[in-house]
Amino acid sequence: MVRSSRGEASPGMWRREVGTVVRRAAALPERAVAPFAIVAGLHVPRVPTEWAPHAHPRHELVWVRGGTLTSRVEDRVFTVSEGYGLWMPAGVVHGGRATAGAEFHDAFFAPDRTPAAFAFEEPRAITMTPLLESLLAHLSRTDLGAEARARAESVVFDVLQPSERQFALHLPGDPRIDAIAEALLDDPADDRSLEEWARSLGISDRTVTRAFRQATGLSFAQWRQVLRVHRALTLLSAGFDVTTVSETLGYAQPSSFIAAFRRVMGTTPGAFFDRGDGTSGDVRNPVSRVQNS
């Protein structure tokens, strides 16, 4: 995959971009109060957009094209790139950010008309196959008759499946190391060692190691690697090339970044985006844990 860089790449994952517009979540479309199981729509933010923390009375499925969506839910950060979606259960408080120009799609599902198999209590990654996207685009029409809509909705529930592997960055939620996590969210390229972090916090490096393992299931180095790959997804989707992304995220060589990406995602950046473009119905979801190369 060859992508040209555009502008200046910022390393920060949860740092608000210059020019970001902060919005409150809009009310559900008027059609959502009608007796429909699914109501779908499309928005294209012209500038980087952030939605303040909110919740919906309906389940929500969001996906993007031509950009990324980052959502923060309590102690987790989800990165939604092209080819994937995020199912947000009704009532779950979440915030989100979308990159400028991304096609932001959403669909709302009435809880009382959604099969029990989709009664998830936690957010779930969804593989957005071409068939599923086409069905939801079809349901965004306002001229569908009741019978046609019911047929399409039933097929959606046949093809909508959680991805085999979920991709969420778990934040520690441990006061001993939360400062490390927040600093790295702001700048994933920060290359301070575990020992340097321990000294700055006045605790032992053994305490930092144990705290990361207990809170996230990952070592400090693995957690930082996953964080950097999350940020890389946004930068690559924005059009920055691999060399620029690797430099921005603090890697000495592009090959080091590609190797790290492969360990986390199970594939190279090029292969990941090639199969995440919606051209294949067999799109494998990225993983949430570091795997052996």
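## Basis and overview

The model is predicted, so local features need pLDDT of at least 70 and side-chain atom pairs count only at pLDDT 80 or more, while totals for chains, interfaces and linings use all residues. Residues are numbered from 1 along each chain as its sequence is written, and side-chain values use heavy atoms, with hydrogens and water left out.

The chain has nine helices and 11 strands. Both are DSSP runs, numbered from the N terminus: helices are H or I with at least four residues, strands are E with at least two. Of the 293 residues, 50% are buried. Buried means under 20% relative accessible area, exposed means over 50%, and partly exposed lies in between (1.4 Å probe, protein chains only). Among contacts with a separation of 6 or more, 77% join residues 24 or more positions apart. A contact means heavy atoms within 4.5 Å.

## The open sheet

Six strands make an open sheet, in the order β1-β3-β8-β5-β6-β11. Its pairing is mixed. Two strands pair if DSSP finds at least two bridges between them. The edges are β1 (21–23) and β11 (168–170), each pairing on one side only. From one strand to the next, the twist averages 20 degrees.

Inside this sheet, β3 (residues 49–54) runs antiparallel to β8 (residues 94–98), with four bridges. His54 has His94 in β8 as its bridge partner. Helix α6 lies across β5 (69–73), β6 (76–80) and β11. α6 runs at about 140 degrees to β11. Axes here are lines fitted to C-alpha atoms, for helices over the stretch in contact, and angles run from 0 to 180 degrees between N-to-C directions.

## Strand β4 and its partners

Strand β4 (residues 59–65) is mostly covered, with six of its seven residues buried. β4 pairs with β9 in the antiparallel sense over seven bridges. Val64 stands opposite Phe104 in β9.

β4 also pairs with β7, again antiparallel, over four bridges. There, Val62 stands opposite Leu86. In a regular strand the side chains alternate between the two faces of the sheet.

## Nonpolar cores

A nonpolar core is a set of buried Ala, Val, Leu, Ile, Met, Phe, Trp, Tyr and Cys residues joined through side-chain atoms within 4.5 Å. The largest one has 38 residues. Leu169, Ile180, Trp223, Val245, Phe257, Phe261 and Met265 have the most contacts inside it. The elements that give it two or more residues are α3 (178–186), α4 (194–201), α5 (205–216), α6 (220–237), α7 (242–248), α8 (254–265) and α9 (269–275). α6 gives the most, with nine residues. A second, separate core has 21 residues, including Ala40, Leu61, Leu136 and Ala152.

Leaving aside neighbours within four places in sequence, Val245 is in contact with Ala232, Leu235, Leu236, Phe240 and Phe257. Ser246 is found in helix α7 and is buried, at 1% relative accessible area. Not counting residues up to four places away, Ser246 touches Tyr251, Gln253, Pro254 and Phe257.

## Aromatic pairs and charges over rings

Rings of Phe, Tyr and Trp (its six-membered ring) pair if their centres lie within 6.5 Å; planes under 30 degrees apart count as stacked, over 60 as edge-to-face and the rest as tilted. The count is 14 aromatic pairs. Trp87 and Phe120 are edge-to-face because their centres are 6.0 Å apart and their planes stand at 85 degrees. Trp87 lies in strand β7 (residues 84–88) and Phe120 in the loop between β9 (103–109) and β10 (124–127), so the pair ties together parts 33 residues apart in sequence. Trp87 is buried at 0% relative accessible area. Phe120 is buried at 11%.

Phe118 and Phe157 form a tilted pair, 5.7 Å centre to centre with 40 degrees between the planes. Phe118 sits in the loop between β9 and β10, and Phe157 in helix α2 (residues 146–159), so this pair ties together parts 39 residues apart in sequence. Both Phe118 and Phe157 are buried. Ring pairs also link Tyr84, Tyr251, Phe257, Phe261, Phe272 and Phe273 into a cluster.

A charge sits over a ring if NZ of Lys or CZ of Arg is within 6 Å of the ring centre and within 35 degrees of the ring normal. Arg192 places its charged end over the ring of Trp197, 3.8 Å from the centre. Arg228 lies over the face of Tyr251, at 5.3 Å from the ring centre.
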